[in-house]
Amino acid sequence: MNETNEAISEPEHYQPASREMTELRSAVLRECAPKPDMEAEWERIARIIEDDSETDRKPQPKRTRRRILWAVTGAAAAVVLAFVLTHRRDSPDGVRVFTADKATQEVTLAAGDSRPQPLRAANMTFREPRTASPARLLTLSTPRGKDCQVTLPDGSKVWLNADSKLTFPERFDRSKRVVRLQGEAYFEVAKERGRRFEVETDYFTTIVHGTTFNLRAYSARNASVVLIEGSVSVSGNGRQCMLRPGEMASLKGDRSFAVKEVDTYSCQQWHQGFFYFDNQTLFEIMQDLGRWYNVSIVFEDTRKMDVRLHFVANRRNSLEEAVRNMNDLGVAHIEQEDDALIIR
């Protein structure tokens with residue numbers, strides 16, 4: 001695959017659709033623009049007017065006094081605006097949208113309540129135990145910057161993305177196969193007539209009978225299912241919807257589902273070792289980069305959050321190369337400072 005980086009110009013009619021982004025901007029203004037000392041500024045302006053009146057005691061026409069009042073009001077507004085803009089630009093923290101994890105970054109496996117053990121293999125196959133003892137729950141966890149591929153006891157294949165967790169039994173029930181996911185995974189489910197496959201998340205449950213799909217559930221904001229092949233149903237909060245190949249179901253603000261047609265190519269690229277972002281916001285792109293490289297993300301220029309890009313890169317490349325490629329697009333200036341990427 002040829003790696004290309006290109007910027008997509010933002011449509012003139014584009015407006016940020018996310019209420020979360022609007023609230024984030026409001027929080028930025030509240031945090032970075034505290035109320036200035038207006039009384040001190042009025043006293044300073046009053047002294048200027050008083051000094052001028054000492055030099056000229058002649059009475060002023062009402063029109064002139066009105067002009068002075070408008071000038072004073074405009075000056076005060078300019079002071080407030082300058083204070084806000086300067087404070088936002090010079091803020092050392094900016095808006096942190098992702099925080100690096102200082103813990104040891106290892107793929108781990110835990111059986112039941114036992115302590116997680118580090119794993120070295122990137123590909124693992126689990127087979128049903130021959131003993132008749134009760135099946136334990138296994139929890140496979142990936143850290144920031146690492147992914148892995150696992151074959152479940154029924155033969156289903158799962159690619160687990162970075163910062164994710166998959167819980168499944170050593171032996172599936174005879175009536176159905178149930179796993180639980182936190183984070184993101186790409187599934188190729190083994191077909192079994194009469195024993196459906198379910199993926200539970202904190203936000204919804206996906207029911208399949210042998211199919212290929214990508215499921216993302218890092219948070220309610222980005223929880224979604226993209227169907228590649230077959231058919232699935234998605235249910236949660238008393239709502240349910242069916243998907244056809246090439247469709248994506250995502251959570252809306254009222255916890256109902258929005259279904260739309262998508263290009264499934266992009267969601268298949270991460271488990272093949274590539275970043276592939278198509279017309280996605282810099283906010284979303286930088287969060288994924290932060291998760292993969294385990295680096296904090298700080299927006300000093302919050303206006304850049306809504307810029308939409310097309311960006312493709314190899315996930316095995318270094319962070320420095322990824323930053324260089326992003327800067328080559330010319331839409332934002334990104335600098336690495338200690339364990340953080342600063343977007344200016």
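This is a predicted model: local features need pLDDT of at least 70, side-chain atom pairs count only at pLDDT 80 or more; totals for chains, interfaces and linings use all residues.

Visitor: Why is Cys-241 called buried?

Guide: A residue counts as buried when its relative accessible area is under 20%; Cys-241 has 13%, so the word applies to Cys-241. Cys-267 passes the same test, because its relative accessibility of 12% also lies under 20%. Across the protein chain, which has 344 residues, buried residues make up 45%.

Visitor: What makes a group of residues a nonpolar core?

Guide: The members must be buried, must belong to a set of residue types that includes Leu and Phe, and must be joined through side-chain atoms within 4.5 Å. The largest such core has 38 residues, and Leu-166, Phe-187 and Phe-213 touch the most other members. Strand β10, residues 176-188, gives this core its largest share, four residues. There is also a second, separate core of 30 residues, which includes Phe-277, Ile-285, Ile-297 and Leu-341.

Visitor: Which residues is Phe-213 in contact with, leaving aside its neighbours within four places in sequence?

Guide: Among them are Ala-185, Tyr-186, Phe-187, Val-199, Val-208, Leu-227 and Ile-228, where contact requires heavy atoms within 4.5 Å.

Visitor: Why are β2 and β22 said to stand at the edges of their sheet?

Guide: The sheet is open and has four strands in the order β2-β20-β23-β22, with mixed pairing. Both β2 (95-98) and β22 (334-337) have a single partner strand, so one side of each is left without a neighbour in the sheet. From one strand to the next, the twist averages 30 degrees.

Visitor: How do you know that β22 and β23 pair?

Guide: Pairing asks for at least two bridges, and four bridges join β22 to β23 (residues 340-343), so the two strands count as paired, and they run antiparallel. Gln-336, for instance, has Leu-341 in β23 as its bridge partner. Helix α6 (residues 319-328) lies across β22 and β23, and runs at about 155 degrees to β22.

Key: Residues are numbered from 1 along each chain as its sequence is written. Side-chain values use heavy atoms; hydrogens and water are left out. Buried means under 20% relative accessible area, exposed over 50%, partly exposed in between (1.4 Å probe, protein chains only). Axes are lines fitted to C-alpha atoms, for helices over the stretch in contact, and angles run from 0 to 180 degrees between N-to-C directions.
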